[in-house]
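Please read the following explanation alongside the model, moving from a single helix out to the fold and then to the ligand.

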Amino acid sequence: MSEQAKLNVAILQMDITVGEPETNFAKLSELLESAVSAERKPDLIVFPEMWNTGYALDRIHDLADIGGERTIRFVSEFCRKHAVNVVAGSIAEKSGDHVRNTIYAFDREGNRTGSYSKIHLFRLMDEEKYLQAGDRVGELAVDGIPAGMMICYDIRFPELTRRLALGGAKLLIVPAEWPHPRLHHWRTLLTARAIENQMYVVACNRVGTSGTTHFFGHSMIIDPWGEIVAEGGEAETILTAELDLAVVDKVRSTIPVFADRRPELY
Ligand SMILES: NC(=O)CCC(=O)C(=O)O
């Protein structure tokens, strides 16, 4: 597919049952079947952050997917069956003694096209006490379109998105578990990342309540001009939109921020 392609995206804005991978796999399967049964078939499906376990951090070493094997087998088979690309949100994934918050991405043949482990751990939710941070950025291509992956709290670090954009990314994919009362931060930061890097942002947030924490959904698809193309509410839903990748080049040539940067000064 050419870089000027259009891409139909479906975001699975789901509730997550904390500490219950079986329930979460079942829920995800249902949503996936609905996504591919829709009239407009998606080219890319995106899941939320830590969808297999939620933030069951005190039991995460027992619950995490060892080597990501179950997730990889399940998603890869689905991609092959339905000829669809998937960025499989993130999962709690265990290798050796470490658990990471990891995204796996797959193409239409079910091949793994990339992975990314969250590099900024979120202290407010105790991630740094239980999880191992990743140590590299997340790049991939979706039907030939250069893209970047980051996870939730990562969007507070504009250097990371800029690094991905300088590497060629035209599309940023962000699985998240971002709760109230920071809806304003979520919407503003995602919009800023889209405007300053002149790229599409596809962000999938969970809904539902875990203890006293309320996750607000509001998954978003934002275009390179900063316009919100689609936004969820607070209920479980599949959010869809068609991305026109030609818009990235158009915006970048209208206001050429990449050519106008002065990195020698900052
Ligand atoms: N799961 C996360 O990284 C949450 C990030 C968050 O809520 C924030 O305000 O940042």
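The expected span of a helix is taken as 1.5 Å times one less than its number of residues. In this predicted model, helix 3 (residues 69-82) has 14 residues and reaches 20 Å from its first C-alpha to its last, which is close to the 20 Å expected at 1.5 Å a residue. Its buried residues are Thr71, Val75, Phe78 and Cys79, and, seen down the axis of helix 3, these fall within an arc of 100 degrees, so they line one face of the helix. An α-helix has 3.6 residues a turn, so residues three or four places apart point the same way. The face of helix 3 turned away from the buried side carries the exposed residues Glu69, Arg73, Glu77 and Lys81. The cover over the buried residues of helix 3 includes helix 1 (21-37), strand 3 (65-66), strand 4 (85-87), strand 5 (91-95) and strand 6 (98-106), while just after the helix Ala83 takes a positive phi of about 50 degrees.

Turning to the whole protein, there are eight helices and 16 strands. The radius of gyration is 17 Å, close to the 18 Å that the globule rule gives for 266 residues, so the protein is as compact as a globular protein of that length. Of the 266 residues, 47% count as buried, and residues 24 or more positions apart account for 68% of the contacts with a separation of 6 or more.

The ligand, finally, is surrounded by Glu49, Phe122, Met125, Cys152, Tyr153, Arg156, Glu177, Trp178, Pro179, Arg182 and His185, a shell that divides into six nonpolar residues, one polar and four charged.

Methods:
Residues are numbered from 1 along each chain as its sequence is written. This is a predicted model: local features need pLDDT of at least 70, side-chain atom pairs count only at pLDDT 80 or more; totals for chains, interfaces and linings use all residues. A residue is near a molecule or strand if its C-beta atom, placed from the backbone, lies within 6 Å of it. Ala, Val, Leu, Ile, Met, Phe, Trp, Tyr, Cys and Pro count as nonpolar, Asp, Glu, Lys and Arg as charged, and the others, Gly among them, as polar. Helices (H or I, at least four residues) and strands (E, at least two) are DSSP runs, numbered from the N terminus. The radius of gyration is taken over C-alpha atoms; the globule rule is 2.2 Å times the number of residues to the power 0.38. A residue is buried if 20 or more other C-beta atoms lie within 10 Å of its own, exposed if 12 or fewer, and partly exposed in between; C-beta atoms are placed from the backbone. Two residues are in contact if their C-beta atoms, placed from the backbone, lie within 7 Å. The arc is that of the directions from the helix axis to the C-beta atoms.
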